[in-house]
Amino acid sequence: MNINLNMLVEMVQKQMLLLEDNVQNIYKTTVKLRLNKDRAGDTTQVLNEIRGISGVTTVIHLSDFARKADIYDFVVYEIKYELIGSDSNPVSYIKSILVPGIRDIHGVEIQDIDPRPEKVSK
């Protein structure tokens, strides 16, 4: 197979486009949750369910901010997630994937979420 200069340039351009689309960005945000003690399960179970949300890489329980009450536990989690692609929007991810994913967890309610995620790495 003979490759001429035009074919070579085209191949390199395609490869560069692929590399740009595979840019990985890591973001983190803080979420305050209210856990129903009777319905949500233990802390490990809730953490695992949050880790199961698409894109989530790490969930850290910030235990210094936790409060316990008779029926509910109030907890704060730092959630890190990855977005791939140069057009990825962290705020759109929070609205369309993270929040609905947390709301699907039985016995868990979102009290507050930091609307401005912090970019951790590129």
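1. Strand S3 (residues 67-68) pairs with S4 in the antiparallel sense, over two bridges. Strands count as paired if DSSP finds at least two bridges between them. Three residues separate S3 and S4, and the two form a hairpin. Within this pairing, Arg 67 has Phe 74 of S4 as its bridge partner.

2. **What kind of model this is.** The model is predicted: local features need pLDDT of at least 70, side-chain atom pairs count only at pLDDT 80 or more, and totals for chains, interfaces and linings use all residues. Residues are numbered from 1 along each chain as its sequence is written, and side-chain values use heavy atoms, with hydrogens and water left out.

3. **The overall layout.** The protein chain has three helices and six strands. Their order along the sequence is α-β-α-β-β-β-α-β-β. Helices (H or I, at least four residues) and strands (E, at least two) are DSSP runs, numbered from the N terminus.

4. **Burial and surface.** The protein chain has 122 residues, and 30% of them count as buried. Buried means under 20% relative accessible area, exposed means over 50%, and partly exposed lies in between (1.4 Å probe, protein chains only). The accessible surface of the chain is about 8,200 Å². Carbon and sulfur atoms hold 50% of that surface. These areas come from the Shrake-Rupley method with a 1.4 Å probe; for residues, only the protein chains shown count as cover.

5. **Contacts along the chain.** Take the contacts with a separation of 6 or more: 74% of them join residues 24 or more positions apart. A contact means heavy atoms within 4.5 Å.

6. **S4 and its other partners.** Which strand is joined to S4 by 13 bridges? Strand S1 (residues 24-36) is, and it runs antiparallel to S4 (residues 72-84). In this pairing Thr 30 stands opposite Glu 78, and Val 31 stands opposite Tyr 77. Strand S2 (residues 56-61) also runs antiparallel to S4, with five bridges. There, Val 56 has Tyr 81 of S4 as its bridge partner.

7. **S1 and its other partners.** Five bridges join S1 to S5, and the two run antiparallel. Leu 33 stands opposite Ile 110 in S5. S1 is also joined to strand S6 (residues 118-121) by three bridges, again antiparallel. In S6, Glu 118 is the bridge partner of Lys 28.

8. **The nonpolar core.** The largest nonpolar core has 24 residues. Leu 33, Ile 50, Tyr 77, Ile 79 and Leu 98 touch the most other members. Two or more residues come from each of S1, helix H2 (43-51), S2, S4, helix H3 (90-103) and strand S5 (108-113). Such a core is a set of buried Ala, Val, Leu, Ile, Met, Phe, Trp, Tyr and Cys residues joined through side-chain atoms within 4.5 Å. In soluble globular proteins, nonpolar side chains tend to be buried together. Leaving aside neighbours within four places in sequence, the contacts of Ile 79 include Tyr 27, Val 31, Ile 50, Val 56, Leu 98 and Ile 102.

9. Are Asp 73 and Glu 78 buried or exposed? Asp 73 lies in S4 and is buried, at 15% relative accessible area. Not counting residues up to four places away, Asp 73 touches Leu 33, Arg 34, Leu 35, Lys 37, Arg 67 and Lys 68. Glu 78 is also found in S4 and counts as buried, at 15% relative accessibility. With neighbours within four places left aside, the contacts of Glu 78 include Lys 28, Thr 58 and Leu 62.

10. **Aromatic pairs.** The structure holds three aromatic pairs. Rings of Phe, Tyr and Trp (its six-membered ring) pair if their centres lie within 6.5 Å; planes under 30 degrees apart count as stacked, over 60 as edge-to-face, and the rest as tilted. Tyr 72 and Phe 74 have ring centres 6.4 Å apart and planes at 50°, so this pair is tilted. Tyr 72 is partly exposed, at 23% relative accessibility. Tyr 81 and Tyr 93 have ring centres 4.3 Å apart and planes at 20°, so this pair is stacked. Tyr 81 sits in S4 and Tyr 93 in helix H3, twelve residues apart. Both are buried. Ring pairs link Tyr 27, Tyr 81 and Tyr 93 into a cluster.

11. **Charges over rings.** Arg 34 lies over the face of Tyr 72, at 4.1 Å from the ring centre. Arg 67 lies over the face of Phe 74, at 4.7 Å from the ring centre. The rule is that NZ of Lys or CZ of Arg is within 6 Å of the ring centre and within 35 degrees of the ring normal.
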